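Okay, thanks for coming, everyone.

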Amino acid sequence: MTTTSTTSSGARHTGAATPARLPGAWTLGLHRGALELRQFFRQREQVVFTFAFPVVFLALFASIFRNDVRGAGVTASQLYAAAMIASGVMSTSFQSLGVSIALERDEKVLRRLRGTPMPPAAYFLGKLWLVLVSGIAETVLLLAVGAALFDLDLPTGAATWFTFAWVFALGLTGCALLGIAISSVPRSGRSATSVVVLPFLVLQFISGVFISIDTLPDWMLNVGALFPLKWMCQGFRGVFLPESAAVLEQAGSWEYGRIALVLGAWCVGGLVLCLLTFRWKSHRDG
C-alpha cells in the first residue's frame, strides 16, 4: 500500500520507491572484467601455463639459434625474441578466448548469463579487459627476458613506442575477436583445445615465429599473410630490430601502412564474424 502527501503548493507525491536504474554496459563490463581477472589468477596452473608457454619457447629457440643472420645485422635470437612477443599476444587473446568461451558455453555458463539483465556487451567487455591485462603482462615478461638474455634492444624514441602501441592494440583486438568467433566452432568443451590450438600452432610456423621469415617458401608466407599473426611479427620486428634487418622481410621493408591496414581489417572482420557466428547455447542445446 502506498501513501501520498501533499506539499504546500498542492502537488501530490507518492511514497512508492522509484526503481533503481541498472548500471550501463560499460560499468558492468568493468565489473565483469575484474571478476574474470580474479577467476583467472586463482587458477594457478592456467596462469603458469599461459605465461610460461611463450617464454619457454623463446628460451629454447633463441638459445639454440644464436648465430648472426647474414646481411641483417642481427642475431637469430633477436629475431625469435621479437616474433615471440607477437605469439604471446595471440596466445593470451585468440587461444585463451577460443578455449575458455567454448568451455563456458558447454557448461551452460553463457546460457545462464544470457538469462540475466546484464547486457551482452558487458560479457564481451569483461573478456576484453582480461585479454588486455594478461596480454600486457605477457608482453612485459617477454620483453624483460628478451632484453636480459637475448640482446633485444628496447626502443628509446616516443615514435617507435607509439608504433609498438598501435601494433599491439590492433593485433590484440583482432586476435581477441577472432578467438570469440572460433569459440563457436567446437561442438563441445572437450574438443575446444584441439580446434583452437591446431590452427594457432600452424600459424606460428608459417608466420615467422618458429622459423625465420627468410627461409619460408613464398606460398607459405602468402597463406600466413591472410592472418594477423604474420603482420604482428613483422611490426614488432620493425620496432625492436635495426633497419638493416628489413631485408629479411618478403617485401624488403617493414610495410607499416600495410600492417595497419591488415590488422584494422581483422578488427572489423572479426567483429562481423562474432556477430554472425556467436552462440549463447551449445550445439546440444539447439
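Predicted model: local features only at pLDDT ≥ 70, side-chain atom pairs only at ≥ 80, totals over all residues.

Let me start with a word I'll keep using: buried means under 20% relative accessible area, exposed means over 50%, and partly exposed is in between, with a 1.4 Å probe and protein chains only. Residues are numbered from 1 along each chain as its sequence is written, and side-chain values use heavy atoms, with hydrogens and water left out.

So, the overall picture. Of the 286 residues in the chain, 46% are buried. The C-alpha trace spans about 90 × 50 × 35 Å along its principal axes. I count helices and strands as DSSP runs, helices being H or I with at least four residues and strands E with at least two, numbered from the N terminus. On that basis the chain has ten helices and four strands, and from the N terminus the order is β-β-α-α-β-β-α-α-α-α-α-α-α-α. When I say contact, I mean heavy atoms within 4.5 Å. Of the contacts with a separation of 6 or more, 75% are between residues 24 or more positions apart.

What does the record say? UniProt, in an unreviewed entry, puts "domain: ABC transmembrane type-2" at residues 45–281. UniProt positions are in the numbering used here, feature names are shortened, and annotations may be inferred rather than shown by experiment. In the model, residues 45–281 are 71% helix and 2% strand. The entry also lists "transmembrane region" stretches, including 161–182 and 194–213. Residues 161–182 come out as 100% helix, with end C-alpha atoms 31 Å apart, while 194–213 is 65% helix, with its ends 26 Å apart.

Now, Arg32. Is Arg32 buried or exposed? Arg32 is buried, at a relative accessible area of 11%, and its place is in helix H1, residues 25–42. Leaving out residues up to four places away in sequence, Arg32 touches Leu113, Met118, Ala122, Tyr123 and Gly126. Leu113 sits in helix H4, residues 109–114, and counts as buried too, at 16% relative accessibility. Leu113 and Tyr123 are ten residues apart in sequence, and their C-alphas are 8.4 Å apart.

On to helix packing. Axes are lines fitted to C-alpha atoms, for helices over the stretch in contact, and angles run from 0 to 180 degrees between N-to-C directions. Take H3 (residues 76–106) and H7 (residues 192–206): their axes come within 9 Å and cross at roughly 160°. The contact includes Phe94 and Gln95 of H3 and Phe200 of H7.

The other pair is H6 (residues 158–182) with H9 (residues 228–240), at an angle of about 165° and with axes 10 Å apart. Those two are therefore roughly antiparallel as well. Among the residues that meet are Phe164 and Phe168 in H6 and Phe236 and Phe240 in H9. That's my tour, thanks.

How values were computed:
Parallel < 35°, antiparallel > 145°, perpendicular 65-115°, else oblique.
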